[in-house]
Amino acid sequence: VATAPWWTSAVVYQVYPRSFADSNGDGVGDLNGITARLDHLQRLGVDVIWLSPVYASPHADNGYDISDYQAVDPVFGTLDDLDRLLAETHARGMKLVMDLVVNHTSDEHPWFVESRSSRDSPKRDWYWWRPPRDGFEAGQPGAEPTNWESFFSGPSWTLDEATGEYYLHLFDRKQPDLNWENPEVRQAVYEMMRWWLDRGVDGFRMDVINLISKDPDLPDGATTGTGGLGNGFPHYGTGPRIHEFMQEMHREVFEDRPGDLLTVGEMPGVTWEDARLFTDPTRRELDMVFQFEHVSLDHGPGGKFDPKPLDLRDLKASLGRWQTALGEVGWNSLYWNNHDQPRVVSRFGDDGKYWRESATALATVLHLHRGTPFVYQGEELGMTNVPFAGVGDLRDVESLNHFRQSVAAGGDPESVLRGLRAMGRDNARTPVQWDSTRNAGFTTGEPWIVVNPNHTWLNAQAQYDDPLSVFNHYRRLIELRHTFPVVAHGDFRMLLADDPYIYAFERELDDTRLLVVANLSGTTPTAVLDGEWAATDLVLSNVESVSLVNGRIAMEPWSAHVFVR
Ligand code: ISL
């Protein structure tokens with residue numbers, strides 16, 4: 001414990017700058033807006049801020065398409081503003097971690113502009129260029145070099161008319177994939193990373209970093225049905241050289257650097273076996289990864305936009321498996337939300353009658369697992385999904401592409417919209433609700449995306465002084481982690497694995513035991529505890545009174561209790 005890295009007892013807060021706070025009235029959040037709201041984060045008690053991309057970008061994917069890694073986009077401010085945010089964050093005892101998006105660049109990045117300029121460009125090989133498939137003319141349907149489907153619908157190749165070749169983009173056509181096989185690419189990325197660390201940032205969250213190593217043969221994938229396209233994931237997901245690249249990056253960028261840094265790799269589709277390799281400290285790759293298993297459990301047969309109800313037993317089995325797998329070796333990240341996921345209180349909780357109870361119960365369960373919790377902006381207020389009126393309210397490229405493609409294929413627009421309202425990424429991207437005024441105190445101008453109408457009652461101002469509020473519950477959970485070493489370092493044991501309503505587990509460190517009992521349902525089951533626990537052991541609850549009699553608790557809907565002895 002004494003030698004455990006600092007981030008094992010830290011809590012990270014993610015800021016999505018476009019939607020956090022707007023200081024200049026242009027309707028888009030910015031760096032000075034964040035600096036002005038640092039007190040909110042300090043009050044909450046978080047240790048680290050992860051800043052989603054603020055780099056120069058044409059914003060095809062809200063900044064995850066970068067045209068200059070070493071410049072701040074004017075919509076967010078200037079490099080000076082960033083330096084000031086960094087200094088103010090440090091002055092409050094917090095750290096600042098930047099987003100690192102290096103699986104792809106923007107098609108407007110000078111590297112790609114140069115690469116596409118001719119087949120003989122010295123940077124041609126910095127990206128994945130391929131001629132049309134054998135026997136096909138450029139531009140003909142099916143001429144794409146592989147059948148891989150893009151994450152954002154349609155083929156993952158786009159033809160460059162001028163040179164007659166296709167380039168690979170796993171995401172939008174404005175996000176061409178870098179070729180990590182080329183050592184010049186890797187060195188350019190490492191150099192850029194060192195530049196940021198020299199500037200004083202405290203680490204990186206690495207976007208889709210397990211997709212950077214592709215099988216250079218680029219084989220077709222099994223066809224998945226959507227327009228005859230195939231699943232390329234087996235050929236680029238946690239690919240052949242990924243661990244080599246992570247170790248090289250560690251050597252070139254992080255090794256022997258003074259200071260306490262944090263690295264977390266975002267890894268769609270990563271298995272726990274691979275996650276353990278990535279986070280085994282002796283292998284010198286990453287501190288932790290974001291896995292996707294628990295946020296895929298409610299995907300239905302038609303994929304993520306065809307959701308099915310969550311079975312709590314599946315959630316416990318999944319998170320429990322990761323607790324075990326990364327228990328002795330490696331480390332878990334813990335999250336319900338980020339800028340790509342619908343709001344957890346609407347997704348796994350009850351955003352109606354039991355809004356406050358379910359938001360706090362879910363938070364309790366997550367934060368007391370073993371791992372580093374990540375709070376996504378607005379989650380600490382219990383922000384909910386958004387009643388988007390129609391497709392005109394949506395802004396996200398993934399959602400808009402999905403809508404267009406599904407409707408073109410004959411889907412009923414209303415039912416496509418239903419899927420997007422439940423699962424679309426814009427649910428997480430509406431402005432943070434600071435107060436009950438017009439635009440929720442986010443901007444004095446016209447916000448770039450609708451403000452959730454529930455800001456009239458669901459907002460930070462209404463919660464600061466309410467002891468039972470979602471905000472104060474998050475604050476206390478963070479305080480628990482900072483107070484009791486068992487929260488960060490205790491081992492984990494799932495209880496009542498087969499119970500469909502109750503999520504319960506124990507943590508243990510030396511002579512301290514911690515027990516969480518949460519009812520993640522609107523029903524009223526009875527929890528039966530081992531007889532040693534007493535009402536006097538209660539350290540946190542999201543309801544006003546708990547009666548523990550003869551080891552039994554009558555659980556109120558969505559109630560959650562924490563005991564320590
Ligand atoms: O939400 C998703 C699409 O269904 C995810 O697959 C998401 O695209 C994936 O988690 C990768 O996310 C990251 O990279 C994307 C970017 O759009 C996301 O915002 C980012 O978090 C491309 O850079």
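The centres of domain 1 and domain 2 lie 29 Å apart, taken over C-alpha atoms. These domain bounds come from an automatic or database domain assignment. This is a predicted model: local features need pLDDT of at least 70, side-chain atom pairs count only at pLDDT 80 or more, and totals for chains, interfaces and linings use all residues. Residues are numbered from 1 along each chain as its sequence is written.

**Where domain 1 meets domain 2**
- Domain 1 gives 17 residues to the contact, and domain 2 gives 13 residues. Two residues are in contact if their C-beta atoms, placed from the backbone, lie within 7 Å.
- On the side of domain 1 that touches domain 2, strand E11 (230-231) and helix H12 (397-408) each supply at least two residues. Helices (H or I, at least four residues) and strands (E, at least two) are DSSP runs, numbered from the N terminus.
- H12 provides the largest share of that side, 5 residues.

**Domains**
- Domain 1 covers 6-105 + 183-470, domain 2 covers 110-168, and domain 3 covers 490-564.

**The whole chain**
- The protein chain has 16 helices and 25 strands.
- Its C-alpha atoms fill a box of roughly 75 × 55 × 45 Å, taken along the principal axes.
- Of the 565 residues, 49% count as buried. A buried residue has 20 or more other C-beta atoms within 10 Å of its own, with C-beta atoms placed from the backbone.
- Among contacts between residues at least 6 apart in sequence, 65% join residues at least 24 apart.

Terms used
A residue is buried if 20 or more other C-beta atoms lie within 10 Å of its own, exposed if 12 or fewer, and partly exposed in between; C-beta atoms are placed from the backbone.
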